[in-house]
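I kept this notebook open while going through the model, one look-up at a time. Here are the entries, for anyone who wants to follow along.

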Amino acid sequence: MEQRKKKIENILIGITGGIAAYKSPELIRLLRKEKFNVKVILTKNAEHFVAPLTLAVLSENKVYTDLFSQNKEDEEISHISLAHWADLILVAPATANIIAKVAHGLADDLLTATILAFPGEIILAPAMNTVMFNNPIYQENSKRLIRMGFQIIDTEQGLLACGDYGDGRMASPETICTYIIQRLHHNQSLKDKKILITASATREPIDQIRFISNYSTGKMGFALAEVARNRGGSVTLITGPTYLKDISGVKMIRVNTAQEMREQVLKYFNHSDIFISAAAVSDFKPAQHFPGKIKKTSQQSIQLVLEKNIDILEEVGMKKNNQILIGFAAEVNSLEENALLKLKSKNLDYIIANDVSQKDSGFGADTNKVVIIDRTGNKLDLPLMTKHAVSEHIFDHLQKSFRKHHDRDMIE
Ligand SMILES: Cc1cc2nc3c(=O)[nH]c(=O)nc-3n(C[C@H](O)[C@H](O)[C@H](O)COP(=O)(O)O)c2cc1C
């Protein structure tokens, strides 16, 4: 099971005086969404770029700016108490100025004094104009910090706020958030692996305003995507309609129909290492798509003819090259027999059989009770657990499979 290196709960964010400070509120929002506690130190110059109130509201904490205005009630010295509170310090954006100061041990404001008083991991996300970035003084300072164990998140190339084009743009809030999450996880078994996942139900239109679908919410596919991202994977999630929000650090593609899902799957499948089909793609669709809205008539009933829908999993099973293919079999009876049949007929490597007739298992639930079955019929019968925990087990299983591939390659 995946575990964080050290329980990181409290992240102290330092915001310094660069244009990229406008991205800091979004970064705080993403970190709060990941359930981290966040406190903010704003340098005096950063106050020109972002309002303390915005940061206080989003971090749900007081914002700290001044080295000499310690809290009168508990008489704590801010830079020491903040250094004690933090499990990790992240400076984003980090100006050339703060990088120079930290590299030389200056402690003339709250942020630099706290950094000097902090013994743990410090991550810097630099942001500056290209000429500043390429300046040997900056380059030397950043190398010095890396040598001393600081983590520096790569800047990106692009159009900068000053109008120049080049290096020095701060990494996006999503990239920074993902960087932190991945660094905090021991298990990076999916590093350099491309994982394609489908989730949720598809909608098959009857007319312009009605459709047939099923109760799948996408929770299982979303949990898989999150765990794969945490393990260092490069994840693409193709999802049918769902109320679930985008996962930061995951490429999100939202579709409606099975046909749209198929197009997207085929677009990404060849470049994937693992494909997990967790979507409940409608098996049938209306044979005819009525234009406009079907009107209420004097007739008591209308006939709707359904035809078999495309089978995305079967299609990629035939195209399969070196990919590992995983399907889900949502069944209400003869669970394992039906699942095994599906595994064989669709040329899968694993099938995750889940009994959707159980109350706490299947569509819409936060938990699932599954059996993981491989091609040789070996099975792992898991107890009822969260969909997140099920995802961890699935990737643990895959890790073994990667190891086998690797051992075989070494022998050949
Ligand atoms: C409009 C404007 C934008 C700036 N953007 C940046 C920037 O992106 N990166 C940077 O290193 N400095 C930038 N600076 C310069 C810093 O604000 C300046 O070096 C300041 O001393 C940084 O203070 P601090 O590091 O204590 O926040 C900018 C200045 C101005 C006026």
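**Entry 1, a bridge between two strands.** I started at Ile274 and found its bridge partner in E17, Ile324. Strand E14 (residues 274-277) and strand E17 (residues 324-331) run parallel and are joined by 4 bridges. I count two strands as paired if DSSP finds at least two bridges between them.

I noted two things before going on. The model is predicted, so I use local features only at pLDDT of at least 70 and side-chain atom pairs only at pLDDT 80 or more, while totals for chains, interfaces and linings use all residues. Residues are numbered from 1 along each chain as its sequence is written.

I traced an open sheet of 8 strands with mixed pairing, in the order E13-E12-E9-E14-E17-E18-E20-E21. At its edges I found strand E13 (251-254) and strand E21 (379-381), each pairing on one side only. The twist averages 15 degrees from one strand to the next. Angles run from 0 to 180 degrees between N-to-C directions, with axes fitted to C-alpha atoms, for helices over the stretch in contact.

Next I looked at what packs on this sheet. Helix H9 (residues 219-230) touches strand E9 (194-199), strand E12 (234-239) and E14, and its direction makes about 165 degrees with that of E9. Helix H10 (residues 258-269) touches E9, E12, E13 and E14, at about 170 degrees to E9. A contact means two C-beta atoms, placed from the backbone, within 7 Å.

Strand E18 (residues 350-355) and strand E20 (residues 370-374) run antiparallel, with 5 bridges joining them. I saw Ala353 opposite Val371 in E20, and Val371 also stands opposite Asp381 in E21. E20 and E21 pair in the antiparallel sense over 3 bridges. These two strands form a hairpin with 4 residues between them, and Gly377 in the turn has a positive phi of about 90 degrees.

Strand E2 (residues 37-42) pairs with E3 over 2 bridges, and Ile41 has Tyr64 in E3 as its bridge partner.

Which residues come nearest to the ligand? Of the 15 around it, they are Thr16, Gly17, Gly18, Thr43 and Thr95. A residue is near if its C-beta atom, placed from the backbone, lies within 6 Å. Helix H4 (residues 96-103) gives the largest share of this shell, 3 residues.

The protein chain is divided into domain 1 (10-183) and domain 2 (194-285 + 303-402), with bounds from an automatic or database domain assignment. Their centres, taken over C-alpha atoms, are 39 Å apart. The contact takes 6 residues from domain 1 and 5 residues from domain 2. On the domain 1 side, helix H8 (residues 173-183) supplies the largest share, 5 residues.

Mean pLDDT, the predictor's confidence in each residue from 0 to 100, is 90 for the protein chain, and 93% of its residues reach 70 or more.
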